[in-house]
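Dear colleague,

Here is the structure I said I would pass on. Please look it over before reading my notes below.

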Amino acid sequence: YKLSVSPEMDIMEYCRKEWRGNTPVAKRMRKGYEAVAQKFASIRRIRGDNYCAFRATLFQALSQATQLPSWLQSEEFTMLPENLLSRYDWIQQWQLKQKPGTKMGEISDEIKEYLVLLRKKWKNISEIKGPTEKQDACDKLFKNEEEEYSLYEALKFLMLSTAIRLYNDGRNGRRVPVFSWLLFARDTSSNPYQLMHNHLNHIGHSIGLEQVEMFLLAYALQYTIQVYRLYKYNTDEFITLYPNDPEEDWPLVTLITEDDRHYNIPVRMCQETML
């Protein structure tokens, strides 16, 4: 049994353990970790499967949530599966976790359940006042595999819903973020159906999130995802923001990656430890 989010460890201690050699790569990684350690004291390792970008982002968002985001409060939120399925029957081909071949009615109900669960967990955790109790609640949630993977299904569906909206906006001549053009410029995702069929249906099972899909996740959650990309240390891309022109009122979560495939999370901002 693997922990989804492992306990805190000192960042530099973790770095020394992982990057001992004197290769150029090891030196660059150590420099990258030193830069992160200027801001954060500890790191928590995220379980390394194809859901790790979801796991890291959602854990960070929940562990600092103080209120339910407005999009989670809306009446339409839990009606999304029904509304989208009534307009796009190809969504019947949505691949539910470990449940291939689920019928249309069931798909709508299942996804609705996941969305309701996401709202409930977010609300419960955001209402916890004490930071220690909040962390405990997050740790507990991410030890419950059934619930955890249901939340990732909810996130994937929100990404699909967001992609459909952006695609339609683009086709109708409305302004869309640059990443939206890039997302639909790929041979494998020139429209939302292909995005679902070739990408979203496989995320978590056989593939993780690609760069352009990190933007889509950020838009779906209305969060800015800040990533320390350690192998890009000393370049303009060392700290990358998804999206790179974030809305001012979007909350910020921070992740760390060594290779754009696996993500861990930095915790305990140094200002707090100084205080």
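The notes below cover a charged patch, a helix and a strand residue. Please keep in mind that this is a predicted model.

Charged patch. Four acidic residues, Glu-82, Glu-106, Asp-109 and Glu-113, come together on the surface as a patch of negative charge. Helix α6, which spans residues 104-126, supplies three residues, the largest share of that patch.

Helix α6. Glu-113, a member of the patch, sits in helix α6. Its relative accessibility is 53%, so Glu-113 counts as exposed, the cut-off for exposed being over 50%. Lys-120 also lies in helix α6. With a relative accessible area of 44%, Lys-120 is classed as partly exposed, because that class runs between the limit for buried, under 20%, and the limit for exposed, over 50%. If you want a distance to check in the viewer, take Lys-120 and Arg-30: their C-alpha atoms are 40 Å apart in space, and the two residues are 90 apart in sequence.

Strand β5. Thr-257 belongs to strand β5, residues 252-257. Is Thr-257 buried or exposed? Thr-257 is buried, because its relative accessibility is 1% and buried means under 20%. The side chain of Thr-257 makes a polar contact with Asp-260, reaching the backbone nitrogen of that residue at 2.8 Å.

Regards

Technical notes
Residues numbered from 1 in each chain as written. Predicted model: local features only at pLDDT ≥ 70, side-chain atom pairs only at ≥ 80, totals over all residues. Heavy atoms only, no water. Patch = residues over 30% accessible without salt bridge, like charges linked within 9 Å, V, L, I, M, F, W, Y side chains within 5 Å. Areas by Shrake-Rupley, 256 points an atom, 1.4 Å probe, with all protein chains shown as cover. Salt bridge = Lys/Arg side-chain N within 4 Å of Asp/Glu carboxyl O. Lys, Arg positive; Asp, Glu negative; His and termini not counted. Charge placed at Lys NZ, Arg CZ, Asp CG, Glu CD. Helix = DSSP H or I, 4+ residues; strand = E, 2+ residues; numbered from the N terminus. Buried < 20%, exposed > 50% of the residue type's maximum accessible area, 1.4 Å probe, protein only. Polar contact = N/O pair within 3.5 Å; in protein donor to acceptor, adjacent residues only side chain to side chain.
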